[in-house]
Structures are given as structure tokens and as C-alpha cells.
Amino acid sequence: MDRKGLLKFLFISAIATTPLDAEELKNQQKWDFPQGISLETVYTGEFWRNQAGGIKEDETYIGNLDVALTLDTQELSLWNGGTFFFYFLDNHGGEKLTSSIVGDLQTVSNIEAPRTAR
């Protein structure tokens, strides 16, 4: 691994392994949504490097963003017993990790997918 690749790997590893303090999370600013609206977001990021073997020695970053929005129609004073659910998914980066870098039929990562937003 060259020096640039090593520095990238160490930087991303340091960020990915930094522990989160529960008190710090509680004190973060929260968005106040009206009663009946719920928004959930999850971001997953992975840095991959093929160190030896495979098709070529290379590195890539894969990201996955999930956003879920739920609207409770009763809480929003629209009608009783209704719910709307919206789900947004964005996959980005590293779309050719397995086929172009590693050279395997099985995917290396469970979030590896073609770059797309749905």
C-alpha cells in the first residue's frame, strides 16, 4: 500500500472506530416535528481496500443512506387509523468493488449496489 492509501485507510478507520458517548448524543440538538410525523435516518459507510490478489489492488468507499418518514393521520387530525410510510434509499460509491477490484461472484459487502436513489 502506498503512503496515500495508508493515510486514507488510517483516517477512515479512526472516524469509523470513534466511540460515541451516550450523554453527548442526548445533548445534541433534536429536530422538533409536529405530533404525528416521524423521521428516521441511518447512514452506513464502508471503506474497502483490496490489498493483494483479485483483479487489481485498489480501494473504494461505499455509502448507503436510508430515510424513513411516517405520517400518522390521526395525530395530524386528518382521519382515524391511517398511516403513510415513505422510504428513501440512496446507494453510492464502489459499485464495481466485487466485479472490478476483487473479481468474485459473491458480493464483498451487503451494501454494495449500483449507484442509485430510490
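How many strands form the open sheet, and in what order do they come? Four strands make up this open sheet, arranged as β1-β2-β3-β4 with antiparallel pairing. Strands, like helices, are DSSP runs numbered from the N terminus (E, at least two residues, for strands; H or I, at least four, for helices). Two strands count as a pair if DSSP finds at least two bridges between them.

Before we go on, a word on the model: it is predicted, so local features need pLDDT of at least 70 and side-chain atom pairs count only at pLDDT 80 or more, while totals for chains, interfaces and linings use all residues. Residues are numbered from 1 along each chain as its sequence is written, and side-chain values use heavy atoms, with hydrogens and water left out.

The edge strands are β1 and β4 (116-117), each of which pairs on one side only. Strands β2 and β3 are joined by 10 bridges in the antiparallel sense. Here Gly63 stands opposite His92 of β3. From β3 to β4 there are two bridges, again antiparallel.

**Charged partners**

Now to the side chains. The whole structure holds two salt bridges, where a salt bridge is a side-chain nitrogen of Lys or Arg within 4 Å of a carboxyl oxygen of Asp or Glu. One of them joins Arg49 and Glu59, at 3.2 Å from N to O. Arg49 belongs to strand β1 (residues 37-50) and Glu59 to strand β2 (residues 58-72), so this contact ties together parts that are 10 residues apart in sequence. The side chains of Asp58 and Lys56 also meet in a salt bridge, at 3.8 Å from N to O.

Glu59 counts as buried because its relative accessibility is 15%, whereas Arg49 is partly exposed at 22%.

| Residue | Relative accessible area | Class |
|---|---|---|
| Arg49 | 22% | partly exposed |
| Glu59 | 15% | buried |
| Asp58 | 28% | partly exposed |
| Lys56 | 39% | partly exposed |

A pair of aromatic rings is described by the distance of the centres and the angle of the planes. Rings of Phe, Tyr and Trp (its six-membered ring) pair if their centres lie within 6.5 Å; planes under 30 degrees apart are stacked, over 60 edge-to-face, and the rest tilted. Two aromatic pairs turn up in the whole structure. The ring centres of Trp79 and Phe84 are 5.9 Å apart and their planes meet at 80 degrees, so this pair is edge-to-face. Phe84 also pairs with Phe86, and here the rings are stacked, with 6.4 Å centre to centre and 20 degrees between the planes. Trp79, Phe84 and Phe86 therefore form one aromatic cluster.

Phe84 sits in strand β3 (residues 83-92) and is partly exposed at 38%. Trp79 is partly exposed too, at 46%, and so is Phe86, at 45%.

How values were computed: Buried means under 20% relative accessible area, exposed over 50%, partly exposed in between (1.4 Å probe, protein chains only).
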